[in-house]
Amino acid sequence: MVKFLEEHFVLATVDARHERSRKDWAGDFVRKTRCVTFTASGRKCAVTAGGKVLGNIHSLKSLEKAWKALPKSERTPGAVKVGDRRTIDRALEPPKGVLVLRTYTRQLERKDDGTLRYTTPEDYPAPEPAGTRSGSPRREAARFREAGHDFLWIPPSEWRALIPKSPRVGDRGPVPVTLKLRVLRYHLDPERGLGEAQWFTRAGLDDGSLDWIVESASPKKVRLRLEGHATLRHKGGRLGPTAYTPSLLGYLTYDIRQRQVIDLKMIALGNVLNTPRGVRPGLHPLGITFELVPDPVEAEQVVPRGGRDNVERYLNINVR
Amino acid sequence: MSRKLFAFVLLLCACVSTPTAAQQPQPIPAKQFDGLHAMFKTQPGESKFWKLPWMIQLDEAIEKGAAEGKPIFVWCGAGGAPVGVC
């Protein structure tokens, strides 16, 4: 299926809210074809550049058949003209100088000896826990067992402030408070991979710590260790309060001559209490990996979940 | 009496040693970092949609479809591009 899609289609992944409201010719295209969702659910749709909807997306072969049934004037490369003189209303991309990190959120379980393992379908309740509405978590376990995806953006003012001016091994200090709060509020969320809700957006300065420690320093490179923890809690979940209490550990390498962060990796690991949406009641381990993307491909430039509703609020964290 | 005391001590020990979300988490040992970092990430066979060359600008995707003579497969989320939250 992956190969078929890549060979036969141009692939677009978009934010329906933005596409519906854009004020350019592509917005007209969207409103004409209704190729994005107008509800709270996601949607897949196949359309031609000329503005025809191709049919049932669940049968890729039938889509191909419908495409081939179109007159050549609609299929020949370059035959369909699109666009006009209006200003293009693009989807948001990372601002210049921002570090883009991919994040992976993974539900876990422990073996009898205490070491971590991946979850199995039997780790999820069936039927759904009382008070929830998400169906049988066990039936959907394949989805929950995979890592949830998101991105972390770090503005240049923050990562530059993170690098000590005269680093000596053992030096220690706190990361910029806005970076710490962005991580606490938006990037330690057990909801990632399950849906779009955010549980800890009210996290404050006392809800966690994140420090840097100089591990090594040379005229060429500085390597920092990042250490911290968080105690995050939200009262109103369907199973009772949701809480996540991870430790944080990471490593950052800064190239002094290039004046660039060339490597940044971090993990969070701790217990989550009452995984959201009734997916897993009780206390379970949850791990999150953060990893710098040095040269993001287009799909790695989508706005982090935390910034979708208000990217300015996400980038310019309010310290309160 | 001594049995009651013993039971109380046992109960107290159980309460103290049971991990709760509110407890301060244990630091992550540095020697476990690489293994855990890799473990939490997407594994082979998972999230196959990430193997595809998604575009995030719909106008550019439509232009490309027109130029190459291909239909456009649009995957949208109600509040964001699905690749970033699935």
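Strand β2 (residues 43-47) of chain A pairs with β1(B) in the antiparallel sense, over 5 bridges. Pairing here takes at least two DSSP bridges between two strands, and the elements themselves are DSSP runs numbered from the N terminus: helices are H or I with at least four residues, strands are E with at least two. Within this pair, A:Val47 has B:Ile72 as its bridge partner.

Before going on: this is a predicted model, where local features need pLDDT of at least 70 and side-chain atom pairs count only at pLDDT 80 or more, while totals for chains, interfaces and linings use all residues. Residues are numbered from 1 along each chain as its sequence is written, chains are lettered from A and ligands numbered from 1 in the order in which they are written, and side-chain values use heavy atoms, with hydrogens and water left out.

β1(B) also pairs with strand β1 (residues 10-15) of chain A, this time running parallel and joined by 6 bridges. There, A:Leu11 sits opposite B:Phe73.

## How enclosed is β1(B)?

Buried means under 20% relative accessible area, exposed is over 50%, and partly exposed is in between (1.4 Å probe, protein chains only). B:Ile72, B:Val74 and B:Cys76 point one way, B:Phe73, B:Trp75 and B:Gly77 the other, and all are buried.

## A:Asp15 at the chain boundary

A:Asp15 belongs to strand β1 of chain A and, at 18% relative accessibility, counts as buried. Leaving aside residues up to four places away in sequence, A:Asp15 touches B:Gly77, B:Ala78, B:Gly79, B:Gly80 and B:Ala81; contact means heavy atoms within 4.5 Å. A polar atom of the A:Asp15 side chain also lies 2.9 Å from the backbone nitrogen of A:Arg17.

What about disulfides? The structure holds 0 of them over all chains, taking a disulfide as a pair of cysteine sulfur atoms within 2.5 Å. For A:Cys45, the closest cysteine sulfur is that of A:Cys35 at 5.3 Å, too far for a bond. B:Cys76 also has A:Cys35 as its closest, but at 7.6 Å, again too far. A:Cys45 is buried at 3% relative accessible area, and B:Cys76 is buried at 0%.

Terms used: Polar contact = N/O pair within 3.5 Å; in protein donor to acceptor, adjacent residues only side chain to side chain.
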